[in-house]
Amino acid sequence: MALAGSRCALVLFTILLMTAAASGAKLSNYYYYRTCPNVETIVRNKVNQIVTANRGMAPGLLRLHFHDCFVRGCDGSVLLDSASHTGEKDAPPNFGSLRGFAEVDAIKATVESACPGVVSCADILALAARDAVVKVGGKYWSVPLGRKDGFTSSLVEANASLPSPFSTFSQLVQNFAAVGLNAKDMVILSGGHTIGQAHCAVVIPRLYNFNGVPGATDPSLDPTFANLLRTLCPADQPLTFVGQMDATNATFDNKYFKAVQSRRGLFPSDAALITNSFGRRVVSIAAKNPGSFSTDFGKSMVKMGRIGVLTGAAGEVRRVCSAVNNNQAL
């Protein structure tokens, strides 16, 4: 009976592989089983090297995947250099703040040396985001693969699609709903800020002349925390680096939600999470249950990773991530 069961399982597994390979219409955990079976190990090893050398690259790689998926879907468009028109990486929400482009190029080059022309940059972004989170303490999740790379990148679309750190709760819900993610996904994915970092430009409007009132501070900020932030962020120094966004300094945990509950979130969008009863409930659960948060984060990342994906013949596998295969971004 056990042998028969094993044979049935093997047959079923083979059918699943064949279906995934033939379809191209769906992402699959087995997409590279035949064409690049070691891709996950290759990417993980390279990400581990990168994050070991610079722990701050963990949030950089996570944010790259996020910013990719919210504009044109998860198609690697954020990686394209500007050519005939200005691309996403040069849009104000990205320019000067997105990090990890050189690191993704290095990961891609390592993958290409093992499996030339097989693994898309979009899939590398999805894997690198997961592996970076795991490297700094997050829980592993399976990443369905099979994305193809897109052919175009647009500053205008990035400006229109990316969530703003100044958004209200309802604005955040609408922004996430536009790409098929619900309010819980929005709150849980905001937890990625637990390994995030920030510059004073986003904090200063909350500390000085809030809402145009001379000397006013955002009342949603804890006063003691506001005093600390004023020492870190003088009003005339928006480019100053304020540092990590929770107390555990680039460790993936639920401390971000504890900070938000204590009115110590850096961004207005962090503070917005507890201005709504549903948001407060999700924040409270995540703050009390680190394991539950990590599990939910992986589930929401899988959902995000399916946004607008190109599969089959709809896209291509770029040879380098910064340019389409005719070497000119459209």
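**Ground rules.** Residues are numbered from 1 along each chain as its sequence is written, and side-chain values use heavy atoms, with hydrogens and water left out. Because the model is predicted, local features need pLDDT of at least 70 and side-chain atom pairs count only at pLDDT 80 or more, while totals for chains, interfaces and linings use all residues.

**Entry: α3 and α14.** I looked up how helix α3 (residues 57-69) sits against helix α14 (residues 290-304), and they pack at an angle of about 45° with their axes 10 Å apart. Helices here are DSSP runs (H or I, at least four residues), numbered from the N terminus. The axes are lines fitted to C-alpha atoms over the stretch in contact, and angles run from 0 to 180 degrees between N-to-C directions. The pair is therefore oblique, the word for whatever is left after under 35 degrees (roughly parallel), over 145 (roughly antiparallel) and 65 to 115 (roughly perpendicular).

Next I checked who touches whom: L62, H65, F66 and C69 of α3 meet F297, M301 and M304 of α14, with contact meaning heavy atoms within 4.5 Å. Sorted by class, that contact has 6 nonpolar, 1 polar and no charged residues. Nonpolar covers Ala, Val, Leu, Ile, Met, Phe, Trp, Tyr, Cys and Pro; charged covers Asp, Glu, Lys and Arg; the others, Gly among them, are polar.

**Entry: R72.** I found R72 in the loop between α3 and α4 (101-114). R72 isn't a glycine, yet its phi is positive, about 65°. R72 is partly exposed, at 39% relative accessible area (buried is under 20%, exposed over 50%, partly exposed in between, with a 1.4 Å probe and protein chains only).

**Entry: N211.** N211 lies in the loop between α9 (200-207) and α10 (223-232). N211 isn't a glycine either, and has a positive phi of about 55°. I noted N211 as exposed, at 67%.

Definitions and conventions
Helix = DSSP H or I, 4+ residues; strand = E, 2+ residues; numbered from the N terminus.
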